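Okay, everyone, thanks for coming. I'd like to walk you through a model, one piece at a time. Have a look at it first, and then we'll start with a pair of helices.

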Amino acid sequence: MTITAPALRTARPRGRHRHLSALLTWRGLTGLALVGVTGLAGLLAPLLTGLDPNAQSALALAGPSARHPFGTDDLGRDVLSRVLHGVGTDLTIILTAVPIGAALGCAAALLAATSRWADLAVQRGFDLLLAFPGLILGLAVTAVLGPGRWPVVIVIALVEIPGFGRQLRAGILVQREREYALAARVGGSSRARVLLRHVVPNAVDPLIVQTALALSLGVFIEGALSFLGLGVRPPEPTLGSILSQSVAYLSTDPTFAAAPLAATTALVLGFTLIAEALNRGIRR
Amino acid sequence: MRTFLLKRLPSGLLVLVLASFLIFLILRLIPGDPATALAGPDASPATLAAVRDRLGLDQPLPGQYLHWLGGVLGGDLGPSYAIGGRVSDLIGNGIAATVQLTLGALLLVVLLALPLAVAGATTRRRPVAAAVRALTTAVLAVPPFVTGVLLVLVLAVTLGLLPAGGHESLLDAPDLAVQYLAMPALCLALPSAAVVARHLEDGLRRALAEDYVRTATALGVSRRRIVWQHALPNALPSAVTVLGLQVGQLIAGAVVVERIFAWPGLGQLIEQGVVRRDYPVVQDLLLLVVACYVAVQLLTDLAYTWLDPRVRWE
Amino acid sequence: MNTVLRVDDLTVAFDGSTAVDGVGFELAAGDTLGIVGESGSGKSTTALALLRMLPPGGRITAGSVELAGRDLAALPEEELRAVRGRRIAMIFQDPMSSLNPVLTVGRQLDEALRAHGSRPRAERAARAAELLDLVGIPDAAGRLRDHPHQFSGGQRQRIMIALALAHDAEVLVADEPTTALDPTVQRQILRLLTRINRETGTALVVISHDLGVIAHTCRRLLVMRGGRVVERGDTADVLGTPRHPYTRELLAAVPRLDEPSAAAANSTPGATPLLTVSGLGKTYGSRRRSVTALHGVDLTLHPGETLGLVGESGSGKSTLARALVGAHQPSAGRIRFRGEEAGRAPHREIQMVFQDPYSSLNPRMTVGRIIAEPLIAHRLGDRERRAARVAELLTQVGLDPSAADRHPRAFSGGQRQRIGIARALAPEPSVLICDEPVSALDVSVQAQVIELLARLQRELGLAVLFIAHDLAVVRRVSHRIAVMHRGRIVETGPADRVVTAPEHPYTAELLAAVPALDAARPTTRSTA
């Protein structure tokens, strides 16, 4: 069979530069700015506010003032301080959990690439994890371990496994059939070398997008578990727990919810925009 | 069709059996003893022994597992530990409400995603495409439990259009039931609708760039027919797969949504079960969720083969 | 003469760069016109511009396309739609991707029919069956409910033609209509187009990179290069006495079936076979639904010899190549290299050159890394020695050593194929398996790559298995030719003898299907 008109295939920009130039679009920059500002504020929380996030006072549900720029919560604690520390807690949790989940998922996908039986086993494993969708898995884990910080980390990590694993497995399946993989094999490279040095580097692009999405999903799961009272134990602040507290007072004291809502939305929106920017960059 | 079932059914059943193992084992790993949790920390050894005997906890694990599985298959789920009553009755009371909620949400997902995706993929006006993108991004960026509360605030408290929470039987008062259902279903549907809309939009864009669309254009087929009759059938199969995975998310999301809207369904029940450590309830509901997931996946695969003739003939 | 299509000064620009530059021609009712050119010549863009169906970014910036007194280049979209498919229809290159995979063939014909005019459903169904029958699909009415993937490649192209014929258009534009097809199928499709032109009086515009295809179907000919028409005239005149230097170059580069083999001038094959294949079999799939790709293939390859292997798609050529390099395990028979058992795993001395110069080079690696990979795999030399060897190999295949630092995407198709050859040469093989090494390239580039392979054989004494579907190319490069059909080798012999005096009927059939240039007597009627 003859294939003509190769001139129509346009040259793609370079690998690493592609991701960089994707991030330098308005989407990417907005996303980076949102995540960067929120994350930095969370990291520098002790410097930005001198108030203890857990110090209660008689001044409950106060509106914004010079001392409490975003008011106080139902127990008289400073909302700004709690939100900043909450961002810190959230980021620690998801930045621990998502890499663990990603690593486990990718390891499973690599295992699946070794043989037909391993592939079947790994696929059923993913099915098994997917059969406990998101929060349900959270409920199952907290039913065993009780609420706390580590159960949240475990839940998020487990939820992310099949996403990363399936993406990488699909990528490997496609790339493995490309002729350059056969060429490497014929050139004498071992199966493992073909997989790791040739196939995988061409299959990881979607994982970068997946990471950004996984981070925003992590924020959601933390929030939902806190909302159900199954997340990180009080009084330690997390975005989810502050939000779920404030929700009860939404009709009477809407200012309470403003700061946690803004921080959560900024983080998730930031990650989503970054994912979108990368996705467009990759497809270009 | 028969070969399809022969190929897919075993792997679905395998997942179901493995999941039942996992559920059973994990709930036995819990630190502390359910009998202690149930009878209270101050209970006498005699009381504890009696509780253990009543719940069958003194039997070896394989025996307990088979007993449980037998009960599930026979329709008798045994007594609950903490909530009170029989588990079958508890599930029976909540299941109708949850099914209404999730099916209502599923319907909304389809009704919202389809027009959004088609509008986003086919419009030549950039503002329209940008608006669709912004809308789906916004929906995806706000946690569902916040969306729910905002909906209550706007539609119920401020505008007074819909009741803030509660539930009415669909049989007794259909109009009221729909009013009660509208907001929770919408809240549950929004994130999934955004996800499905994005996938479908991407799929449609890709299909519209295919050679067969060029063929149809060269034959003088109208743009409208090309979108709906030529491109959409090609974009649907993968969108249906995504929809199938979203059903799992709907079931999970129902737990939060039922809490917000005081919806008396299984989500509330499982939450109660976890908080009060009522293991039979948790165990049976987890198995129910897995069974639903497996069934939905089978239906999705079936729909895929129906929509894509290439798979059908393989 | 009754002119149906008049194209005047047609100019198309893509984001500022001109793809088609002032093309003009006239087409009389029932006439046939060929447009020939290499990739990037603007021939396909011209075809798409006729129906104003340019891909995103493309725009007609000047000129007119006048069909029956109306300028299609200036018509409003809705009026243009009423013309497309009814007065001017188009056939595309790849019949697999050009047909909608999830709609039945009947449904697609129905869509074409209802796009113009409203006839009752039953009448449309009858017409659809009639159209399928017209293009030679057996049991036409019964097959309306089948999907495209249930037809063969040639049948799919017939269905494409049926779609284009739905409304008896005055002009039929065929863009590379047979490029994805095997020679025997190509011949059938060209005959079908010719028959339609003769029977229905539809004027035909055939766009092709293959002069042979144009010579067989078209009375007149345009030669395009860089968006411009460089030569035009009667096909026989242009091919017989080309005036423009480019046309002459193009004609000289086309391999002719009647030219004798040039292989003997390169090297003299050694006496003892290097590679011996006996009883090789390969079966795919499960026990219940198995497909046998190779049936007891026997083959020998001598040092310094080029063995040409010809066959159509699905004949098992590529399966054989992959078994020889140890990428696929054969199900039966054995492969011996220098008398020792081989073929269970890749062998350093047996290397391969691939068809597609795009997908066979890892896009993530620099050219230097790509060529050095086999050296690393076989632990040949240290870092410095490998770099020196890469530079040497690049020079050997006619590229600058500085190419090592760049990625494959920076190179043209022909240059990429040279990189692929350099990679294959890296571990100093004695056997080179070339799987359709030139079929994705333009003819002028094709000639250069063939020349490179010949030179390498002279210098290195390589044994080459040259797999291709183009008999003219194979005859030119090979000492011997083996013909493959349905997983079997049906004939083997000296290259010139196989072409001039074929022994097997299938070989004769293949030879007859080659659209030779000197047979430039189009069977289409000239003017109505």
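So, the crossing of α6(A) and α7(A) is right-handed; in these terms, a crossing is left-handed if the near helix is turned anticlockwise from the far one by less than a right angle, and right-handed if clockwise. Before I go on, some housekeeping: this is a predicted model, where local features need pLDDT of at least 70, side-chain atom pairs count only at pLDDT 80 or more, and totals for chains, interfaces and linings use all residues. Residues are numbered from 1 along each chain as its sequence is written, with chains lettered from A and ligands numbered from 1 in the order in which they are written.

Back to the helices, which along with strands are DSSP runs numbered from the N terminus (helices are H or I, at least four residues; strands are E, at least two). Helix α6 of chain A covers residues 134–145 and α7 of chain A covers 149–176, and they pack at about 145 degrees with axes 9 Å apart. Axes here are lines fitted to C-alpha atoms, for helices over the stretch in contact, and angles run from 0 to 180 degrees between N-to-C directions.

Who meets whom? On the α6(A) side there are A:Gly134, A:Leu137, A:Gly138, A:Val141, A:Thr142 and A:Leu145, and they meet A:Pro151, A:Ile154, A:Val155, A:Leu158 and A:Val159 of α7(A). Contact means C-beta atoms, placed from the backbone, within 7 Å. That set splits into eight nonpolar, three polar and no charged residues. For the classes, Ala, Val, Leu, Ile, Met, Phe, Trp, Tyr, Cys and Pro count as nonpolar, Asp, Glu, Lys and Arg as charged, and the others, Gly among them, as polar.

Next, the chain C sheet. It's an open sheet of six strands, ordered β6-β7-β8-β3-β9-β10, with mixed pairing; two strands pair if DSSP finds at least two bridges between them. β6 and β10 (228–234) of chain C are the edge strands, each pairing on one side only. The twist averages 15 degrees from one strand to the next.

Zoom in on β6(C), residues 88–91. C:Ile88 and C:Met90 point one way, C:Ala89 and C:Ile91 the other, and all are buried, where buried is 20 or more other C-beta atoms within 10 Å of a residue's own, exposed is 12 or fewer, and partly exposed is in between, with C-beta atoms placed from the backbone. Four bridges join β6(C) to β7(C), residues 171–175, and the two run parallel. C:Ile91 sits opposite C:Ala174, and C:Ile88 has C:Val171 as its bridge partner. Helix α5 of chain C, residues 153–164, lies across both strands, at about 170 degrees to β6(C).

Keep C:Val171 in mind. Beyond four places in sequence, C:Val171 is in contact with residues including C:Val4, C:Leu27, C:Leu67 and C:Ala203.

Last stop: where chain C meets chain A. There, 34 residues of chain C are in contact with 27 of chain A. On the chain C side, α12(C) gives the largest share, three residues. That side divides into 13 nonpolar, 14 polar and seven charged residues.

Definitions and conventions
Contact = placed C-beta atoms within 7 Å.
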